[in-house]
Amino acid sequence: MPEMIATRELTLAQAVREALAEEMRRDSTVCIFGEDVAEAGTPFKVLSGLVEEFGTNRVIDTPISEAGFTGVAVGAAMTGMRPIADIMFGDFLTLVMDQMVNQAAKVHYMSGGKWKVPMVMRTTLGATRRSAAQHSQSLHAWFSHVPGLKVVLPSTPYDAKGLLKTAIRDDNPVVFFEDKMMHHKLKGPVPVEEYTIPFGVADIKREGDDITLIGTSSMVQIALGAAELLAEAGISAEVVDPRTTWPLDEKTLIDSVKKTSRAIVIDEGYGRYGVTSEIAAVIAQGAFYDLDKPVMRMGAMHVPIPFSPPLEDLTVPTEKSVFEAAQALCR
Amino acid sequence: MAISIVMPALEMGQETGKLVSWRKKEGDKVAKNEILFEVETDKAVLEVEALGEGFLAGITAKEGDVVAVGKTIAWLVAPGEVAPKESSSSAPVPESKSIPATKNLTPISASSTGTAKISPKARRLAKEHGIDLGSVRGTGAEGEILASDIQAAIDAGNATSSNTTTATTSASNAVSRIMAERTTQAWTTVPHFFLVREVDASALVKARENLRANVEKKNGAKLTHTDLLVGLVARTLRKHPRMNASWSGDGVRENTDINVSIAMAVNGGVVAAVISNADAKDLTAIASQRVELTERARSGKLRPVDISGGTFTISNLGMYQVDAFIAIITPPQAAILAVGSIADRVVAVSGRPEIRSMMTLTLSSDHRVVDGAQAALFLQDLAAAIAEPEKSLS
């Protein structure tokens, strides 16, 4: 794919593909399982070209059987492979919960450290694709809740590549969520040279003094857009991206809020019992004596994501709604 | 039926009053209009009279207490009647080194024991800096106290404590603290602009010589240039209602009465005593009232009526040989006239040098209320009146 190397402005999909290709070249135990991952390159065209380079022995199309091929991936990982299970829509994660929660997350612990499960589950999140209630959810909070799983939420092509390489090399099961709206819409600089990004290190995407906007995945770009609007209104917003919900870089989040005294946590999952709840609690505890306003949370409305575009657009935070909430908090 | 005695609001914007002394004791019979107690407020100690009659009972404020305006501090009861208990505590507001924040937002009554919302950061900062939360006014959207409010109190406290380190008594501390606060507020919140005009005061000097014997004969008061200026300014203000107006926060309010305040130096500060309806008073009335006010100010006996309701201030430092100066407006007034000394100067009159008694007037105006041209026209008419004082005052 010489055109990518020439420009080095990659889309999120290109960055993910490049990470997979590099790791597959580097390590022959890395392989991909999933529905339509080979010739089709997934419906999101993230994997296009991989089967041509690595063949159908390493890029394996499976039947529509998420629970089954996830079980295969867990078993393969336990026996020395580094499989990547591709769950097309994050909504289908409901089917893999036993394999991930009861098997993958527990094996290392229950075997007294004799077994490990170095697998990656790549999947998607995010609404506004007009994909209706069963194809639009953001269910990363479920996995963040379970000990033994690591959860990664990249928000830029750079982060996606560096974090995916770390995920593949990690000896623990990692669930890697990509915002399906970002795959081809979001472009960003990605270095030519090799790099990885460690888990549990938040990234300050924009520095500011008046309020901290903590965004994950799709909501990082929303927060950055809101910060731009806030700057015009004279409010200096800091945008912090935890990048991994587990392990969670609590210190960077707390330090930022200690500086600004105000925070909004924005995540596309459901707010109730969600990622925003956890991060807000971390801040409330760690930065309590520096908080000047209650920590606010913004997430998907507590409803099934509607198919109707005008209704769907109302269910998730937007630059405008974040801007307005931040402005009210700074009043 | 018991009559409640409350800490009166003697001035606009007053928040607390310090009870200096009770003139009556618990159980004393009090007649209407008898003096009950003395209060120290902004710049003065004032006597407060009883609004009804009865026996003084249920005193809750001691001498020296600083009490929130509107708090019941005692009752006047009928014989045998017991003073009612107020449901809310009427405990005095503790005197604190902090200054209420002066941001112009919804005030709430916050007290250290009350229910005002305070952010965790604000609470921590207040504790670290020894700020009494009861004295801080919250500026949050719902009146909550935020870190910025505490910071303002810390800043104000620092400014004040450095001002008062050499003060000797708590009373003068309190007065200078209030004066510092009010002056800072006026200077930082009122958009001042200044017009300077040199006027020929020869006629004014002559008029005083002509009229002083007559005034002195009538009631013994010595006529001053200030008296003449009060009369002339008041009459000129009739034609310039904007100069006699106030900024009320959402618009300009023209005052119906013309009450001229005269800035007076007193021990430990300055007071502005008021000649009310000065435009309708003749020189004799103005002079005698000014003499009375001066005596009251010097002895610390100014009453609320003596210092309230001013609509325009004259500050004259001519007696200190100051040529000209710029004065700070006293809100909600829109202007203050700073009067310099009258001195003989060589000036050009019709192309020839002549010696005239000249005086420099500096008018400070609130630009929210008046424009430069309006203020200039006022100054022009005033200069004309000063050129013909006797005609203007007749």
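The model is predicted, so local features need pLDDT of at least 70 and side-chain atom pairs pLDDT 80 or more, while totals for chains, interfaces and linings use all residues. Residues are numbered from 1 along each chain as its sequence is written, chains are lettered from A and ligands numbered from 1 in the order in which they are written, and side-chain values use heavy atoms, with hydrogens and water left out.

**Exercise 1. Identify the salt bridge asked for above and describe the exposure of its partners.**

Step 1. The partners are Lys320(A) and Glu324(A), at 3.0 Å from N to O. A salt bridge is a side-chain nitrogen of Lys or Arg within 4 Å of a carboxyl oxygen of Asp or Glu.

Step 2. Lys320(A) and Glu324(A) both belong to helix H14 (residues 319-329) of chain A and are 4 residues apart, so about one helical turn separates them. Helices are DSSP runs of H or I with at least four residues, strands are runs of E with at least two, and both are numbered from the N terminus.

Step 3. Lys320(A) is exposed at 54% relative accessibility, and Glu324(A) is partly exposed at 40%. Buried means under 20% relative accessible area, exposed means over 50%, and partly exposed lies in between (1.4 Å probe, protein chains only).

**Exercise 2. Find the salt-bridge partner of Glu312(A) and state what the pair connects.**

Step 1. The partner is Arg130(A), with the closest N and O atoms 2.9 Å apart.

Step 2. Glu312(A) sits in helix H13 of chain A and Arg130(A) in the loop between strand E5 (120-125) and helix H7 (140-144), so the pair ties together parts 182 residues apart in sequence.

Step 3. Glu312(A) is buried, at 0% relative accessibility, whereas Arg130(A) is partly exposed at 32%.

Step 4. Over all chains, a search of the whole structure finds 46 salt bridges.

**Exercise 3. Determine which face of helix H1 of chain B is buried.**

Step 1. In H1(B), residues 120-129, the buried residues are Lys121(B), Ala122(B), Leu125(B) and Ala126(B).

Step 2. Viewed down the axis of H1(B), these buried residues fall within an arc of 135 degrees, so they line one face of the helix. The arc is taken over the directions from the helix axis to the C-beta atoms.

Step 3. Lys127(B) and Glu128(B) are exposed on the other side of H1(B).

Step 4. Gly130(B) follows H1(B) and has a positive phi, near 65 degrees.

**Exercise 4. Give the strand order of the open sheet of 4 strands in chain B.**

Step 1. The order is E5-E4-E2-E7, with antiparallel pairing. Two strands pair if DSSP finds at least two bridges between them.

Step 2. E5 (45-49) and E7 (66-68) of chain B are the edge strands, each pairing on one side only.

Step 3. Strand E4 (residues 35-40) of chain B and E5(B) pair in the antiparallel sense over 5 bridges. Within E5(B), Val48(B) is the bridge partner of Phe37(B).

**Exercise 5. Locate two cis peptide bonds and two non-glycine residues with positive phi.**

Step 1. The bond from Trp246(A) to Pro247(A) is cis, with omega near -5 degrees. Pro247(A) is in the loop between strand E12 (244-246) and helix H11 (250-260) of chain A.

Step 2. The bond from Pro331(B) to Pro332(B) is cis, with omega near 5 degrees.

Step 3. Ser217(A) has a positive phi of about 45 degrees and is buried, with a relative accessible area of 1%.

Step 4. Ser350(B) has a positive phi of about 50 degrees and is exposed, with a relative accessible area of 77%.
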